[in-house]
Amino acid sequence: MNDSSRHSGKLFIFSGPSGAGKGTICSRLLAESDPERIALSISMTTREPRTGEIDGKSYYFVTREQFRQKVKEGGFLEHAEVYGNYYGTPKDRVLEQLEQGRDVILEIDIQGALKVKEAYPDGIFVFILPPSMAVLRKRLTGRGTDSMETINMRLSKTLSELSYIEEYDYCVVNGDLDEAVKRVKSIVIAEHSRVTENIQELLEQYKEEE
Ligand code: ADP
Ligand code: 5GP
């Protein structure tokens with residue numbers, strides 16, 4: 001990211017079919033980025049934790065009642081029912097980070113992304129795709145975290161999910177992981193290189209130096 005981006009946090013929204021590799025790519029992006037510059041929003045969900053998932057790190061795992069209470073309080077930027085469970089993006093933390101000038105990543109489903117787009121049209125919407133349906137099935141099975149029934153339900157939603165791709169600004173096919181991570185990083189850099197971004201400040205500085 002260049003210096004002209006210093007003051008503005010950007011909201012990046014990643015979606016795509018379950019198993020496409022959103023989580024894997026986002027983890028790599030975060031691990032290879034400056035934590036002062038970019039952070040992942042931790043969602044709240046009523047889904048049961050998978051083996052190895054840590055409360056407060058993977059998700060905030062809550063009961064349906066706790067989730068409903070948060071909805072009532074207006075505490076979500078967006079929330080949606082996905083595959084029979086509720087998921088939501090806690091609002092305060094995201095807004096706080098953006099105000100502090102930090103980019104925020106939302107890894108959310110398409111319904112949620114469309115709601116965010118209405119409220120935050122300046123968000124950058126990135127669709128992660130698997131190279132094929134066969135690979136997607138293999139990845140979901142290989143992840144070993146979901147039952148066959150859950151996997152089939154997630155796969156059956158994929159084609160209808162793909163029809164929303166035109167709502168997005170970028171798409172990244174996650175075949176080779178390194179290549180996909182490189183592309184996602186390039187998107188972040190490109191978005192921070194827009195002429196609109198704080199460039200006036202730099203131009204003023206040039207004038208002062210003259
Ligand atoms: P999502 O977050 O989109 O549901 P995950 O990040 O959990 O998907 O990835 C699904 C599975 O596919 C995981 O087991 C992950 O390790 C694997 N995976 C992700 N990206 C790749 C890739 N480029 N090549 C091979 N396997 C991958
Ligand atoms: P998983 O159960 O595999 O962790 O996630 C299932 C789906 O829910 C994924 O598509 C994921 O992106 C989405 N998801 C995770 N958190 C949120 C959220 O806060 N809001 C919405 N709308 N979807 C979410």
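Buried, as I use it here, means under 20% relative accessible area, exposed means over 50%, and partly exposed is in between, with a 1.4 Å probe and protein chains only. This is a predicted model, in which local features need pLDDT of at least 70, side-chain atom pairs count only at pLDDT 80 or more, and totals for chains, interfaces and linings use all residues. Residues are numbered from 1 along each chain as its sequence is written, chains are lettered from A and ligands numbered from 1 in the order in which they are written, and side-chain values use heavy atoms, with hydrogens and water left out.

First, the chain overall. Of its 210 residues, 41% count as buried. The secondary structure comes to 8 helices and 9 strands, taken as DSSP runs numbered from the N terminus (helices H or I, at least four residues; strands E, at least two). The C-alpha trace spans about 70 × 40 × 30 Å along its principal axes.

Now the aromatics. There are 6 aromatic pairs in the structure; rings of Phe, Tyr and Trp (its six-membered ring) pair if their centres lie within 6.5 Å, and planes under 30 degrees apart count as stacked, over 60 as edge-to-face and the rest as tilted. Take F127 and Y168: the ring centres are 4.9 Å apart and the planes stand at 85°, so this pair is edge-to-face. Because F127 sits in strand β8 (residues 124-129) and Y168 in the loop between α6 (148-162) and β9 (170-173), the pair ties together parts 41 residues apart in sequence. Are these two residues buried or exposed? Both F127 and Y168 are buried. Elsewhere, ring pairs join Y59, F61 and Y87 into a cluster.
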